[in-house]
There are 2 protein chains.
Amino acid sequence: MVYDMSVVDGLLLSNWDDTLIEKLKKGNISCVHACCGLWENARETLSNIGKWQRFFNEHHESLMQVTSGYDLYKAKKEGKIGVILGTQNTSPLEDELTLVEVFNNLGIKIMQLTYNNQNLIGSSCYEAFDNGLSRYGKLVVEEMNRVGMIVDLSHVGEKTSMDAIETSSRPVAITHANPNWFYSTKRNKSRELLQKLRDNGGVLGLCIYPHLMNGAETTLDEFCDMAAATMEFMGGSQVALGTDLTFNMSNDFLQWMRMGRWTHQVDYGAGSAENPGWPKWPGWFQDPSDFPAISEALLKRGLSEEDVSNFLGRNWERFFTIGFQQKKEMHKNEGVLSGNA
Amino acid sequence: MVYDMSVVDGLLLSNWDDTLIEKLKKGNISCVHACCGLWENARETLSNIGKWQRFFNEHHESLMQVTSGYDLYKAKKEGKIGVILGTQNTSPLEDELTLVEVFNNLGIKIMQLTYNNQNLIGSSCYEAFDNGLSRYGKLVVEEMNRVGMIVDLSHVGEKTSMDAIETSSRPVAITHANPNWFYSTKRNKSRELLQKLRDNGGVLGLCIYPHLMNGAETTLDEFCDMAAATMEFMGGSQVALGTDLTFNMSNDFLQWMRMGRWTHQVDYGAGSAENPGWPKWPGWFQDPSDFPAISEALLKRGLSEEDVSNFLGRNWERFFTIGFQQKKEMHKNEGVLSGNA
């Protein structure tokens, strides 16, 4: 049996241009979750979506926006790279519950509940305290469940994450983070949380962002060790990739990413005063064309072709195919929007 | 042969509730173009769309949002009332060309280029001067052509309308107005403009809004005379209905409709100082359940069943089915977004 070794990247935060598209093709990428917003409000997110639509239109021979399992299949069949739009914050919703459905209809199929700061919904992994999911936050999670928008907990605080998994009637995602017992950072996840994610049926995307590992010094063997051990802990069908690759990004964007409009002082995000700029990436992952080397290393390490294929992309494909579906049975449910289609 | 006598209303500006839905069913309405905005900007239009989506969800047994010819067919097949969302202004686009596609993807399938005032795109029928379509306005019309959003000229000034028809590569609509040689008002349309609309392949929706006729005194015979004569002038396939019915609307809404945020003085819109409030409607058209009486009167007047069926709904159905399609051949065109899907 021949296994599909194409890659689905659980998050890619790069400067999209023809160079990147070529590298994605070279790396055998079938689908990417692309970041369509960090701090933007509803109006600003419309402009971001508009820019993406124009980019899709101008690159329709190489790219295809993906909002369903059928799109995943179609993109692959047509030899195009599928792109799932998501935001790393619920800021586009502002305080308006109906905007969950509005942005879902615009193809925002993944939303991270918080970025690096507390918001209307919950707290981030960088806040001193985390009160958990707010009243509004619970309704937003239920509404995301109803319309088929994936709840992403990657930058979310521990208690808010725990509450979100308890509130969610559907599996959730951590698209880009690592177990914190491999690399201890605020962004990486505890054993308790990953246990809860496993029991929830969710998927974890292992992250190559250097600040979530040992920086550029991290070896490919180290990464493969983490991958194999995490698969043992989570099960082979619940671990995938979310590189968080920041290919060819500007320093202006770094500042926006970390400081948004919320501070006038330097904030280092996952970085530090000693390492303030864009991190240096390991030699074995400079851009998406390096993915095949990762799969080879995993195979050489003794993982089965099936496990490697699942890790590289099939797990995300299965998860997104089900997760993007609207929850029809909500018809019958009592709830804030009971009677809804 | 049995003709489909169900009604497609080219514009209904009413307070949507269970009472209205019952009257729409009673009146054998298969589809309605509903007003989703008058003066609202992009952000405010998102909230309007969100409210409509929630209303659709809560009334999914009676209503179905329509964004394609297939939806028109499906709604009728399922015995539901199809609802096409449109805005009576291009204010949702602000100054951002990509928002045409964004709002099209949210199901705004009809946009009136201007409401009652000059805007970024052109001038209204109430401005003292009309400079015609602006530079931005030409690009917006081309982009609406590309994505399959209908250009509506009902409140638009004469020169801007002429320019729009010349710029548009596809047929346009006047969803709710009358020929001004029957009732001379600024809102009704000249022989020259309607000739141009006819040559463009567009459709005119005859309007029952009392201020565009002889008020409540207008008889059903008078209306039928206008319908028959306009069909002779435009051709039987290019005249339809657009009642502009304002059923059960509040005075707050009347003020918003006429004055928006743009004036602090009373503006009477199509009304007058003598007749400042919501107009009294003719006895023969108090609500949508009165449509069958109109078709009977047209038949009694000697129109063929085919002509009456076309006038009541088939003309809009054919026009919307083609007009809502994306213009695929734009792929090959040179233009502001050349290479677009």
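In this predicted model, helix 3 of chain B buries G69(B), D71(B), L72(B) and A75(B). Seen down the helix axis, these buried residues fall within an arc of 160°, so they line one face of helix 3 of chain B. Residues three or four places apart in an α-helix point the same way, because each turn takes 3.6 residues. The other side of helix 3 of chain B carries the exposed residues Y70(B) and K77(B). The buried residues of helix 3 of chain B pack against strand 2, strand 3, strand 4 and helix 11 of chain B. Just after helix 3 of chain B comes G79(B), with a positive phi of about 65°.

K77(B) belongs to helix 3 of chain B. Its relative accessible area is 63%, and K77(B) is therefore exposed, the cut-off being over 50%. K77(B) and K189(B) stand 112 residues apart along the chain, and 35 Å separates their C-alpha atoms.

The packing of helix 3 of chain B on helix 11 of chain B was examined next. Helix 3 of chain B spans residues 69-77, and helix 11 of chain B spans residues 305-323. The two pack at an angle of about 140°, and their axes are 8 Å apart. That angle makes helix 3 of chain B oblique to helix 11 of chain B. Helix 3 of chain B brings G69(B), L72(B) and K76(B) to this contact. There they meet R314(B), E317(B), F320(B) and T321(B) of helix 11 of chain B. By type, the residues of this contact divide into two nonpolar, two polar and three charged. Two residues of the contact, G69(B) and L72(B), are also among the buried residues of helix 3 of chain B.

Helix 1 of chain B runs over residues 18-26, and its buried residues are L20(B), I21(B) and L24(B). They cover an arc of only 100° around the axis, so they lie on the same side of helix 1 of chain B. The face turned away from this buried side carries the exposed residues D18(B) and K26(B). The N-terminal end of helix 1 of chain B is capped by D17(B). A side-chain oxygen of D17(B) lies 3.2 Å from the backbone nitrogen of T19(B). Just after helix 1 of chain B, N28(B) has a positive phi of about 60°.

Helix 9 of chain B covers residues 251-259, with L254(B), M257(B), R258(B) and M259(B) buried. Their arc around the axis is only 165°, which puts them on the same side of helix 9 of chain B. S250(B) caps the N-terminal end of helix 9 of chain B. Here a side-chain oxygen lies 3.5 Å from the backbone nitrogen of D252(B).

Most residues other than glycine have a negative phi. D244(B) is not a glycine, yet its phi is positive, at about 60°. D244(B) sits in the loop between strand 9 (239-241) and helix 9 of chain B. With a relative accessible area of 7%, D244(B) is buried. E94(B) is likewise not a glycine and has a positive phi of about 50°. E94(B) occupies the loop between strand 4 and helix 4 (99-105) of chain B. Its relative accessible area is 25%, and E94(B) is partly exposed.

Q53(A) lies in helix 2 of chain A, residues 42-58. Its relative accessible area is 4%, which makes Q53(A) buried. Neighbours within four places in sequence aside, Q53(A) is in contact with T98(B), E101(B), V102(B) and N105(B). R170(A) is found in the loop between helix 6 (158-167) and strand 7 (173-174) of chain A. R170(A) counts as buried, at 13% relative accessibility. A polar atom of the R170(A) side chain lies 2.9 Å from the backbone oxygen of Q325(A). Beyond neighbours within four places in sequence, the contacts of R170(A) include N145(A), R146(A), G148(A) and N200(A).

Note on methods
Residues are numbered from 1 along each chain as its sequence is written. Chains are lettered from A and ligands numbered from 1 in the order in which they are written. This is a predicted model: local features need pLDDT of at least 70, side-chain atom pairs count only at pLDDT 80 or more; totals for chains, interfaces and linings use all residues. Side-chain values use heavy atoms; hydrogens and water are left out. Buried means under 20% relative accessible area, exposed over 50%, partly exposed in between (1.4 Å probe, protein chains only). Helices (H or I, at least four residues) and strands (E, at least two) are DSSP runs, numbered from the N terminus. The arc is that of the directions from the helix axis to the C-beta atoms. A polar contact is a pair of N or O atoms within 3.5 Å; within protein, one must be able to donate a hydrogen and the other to accept it, and residues adjacent in sequence count only if both atoms are side-chain atoms. Axes are lines fitted to C-alpha atoms, for helices over the stretch in contact, and angles run from 0 to 180 degrees between N-to-C directions. Angles under 35 degrees count as roughly parallel, over 145 as roughly antiparallel, 65 to 115 as roughly perpendicular and the rest as oblique. Contact means heavy atoms within 4.5 Å. Ala, Val, Leu, Ile, Met, Phe, Trp, Tyr, Cys and Pro count as nonpolar, Asp, Glu, Lys and Arg as charged, and the others, Gly among them, as polar.
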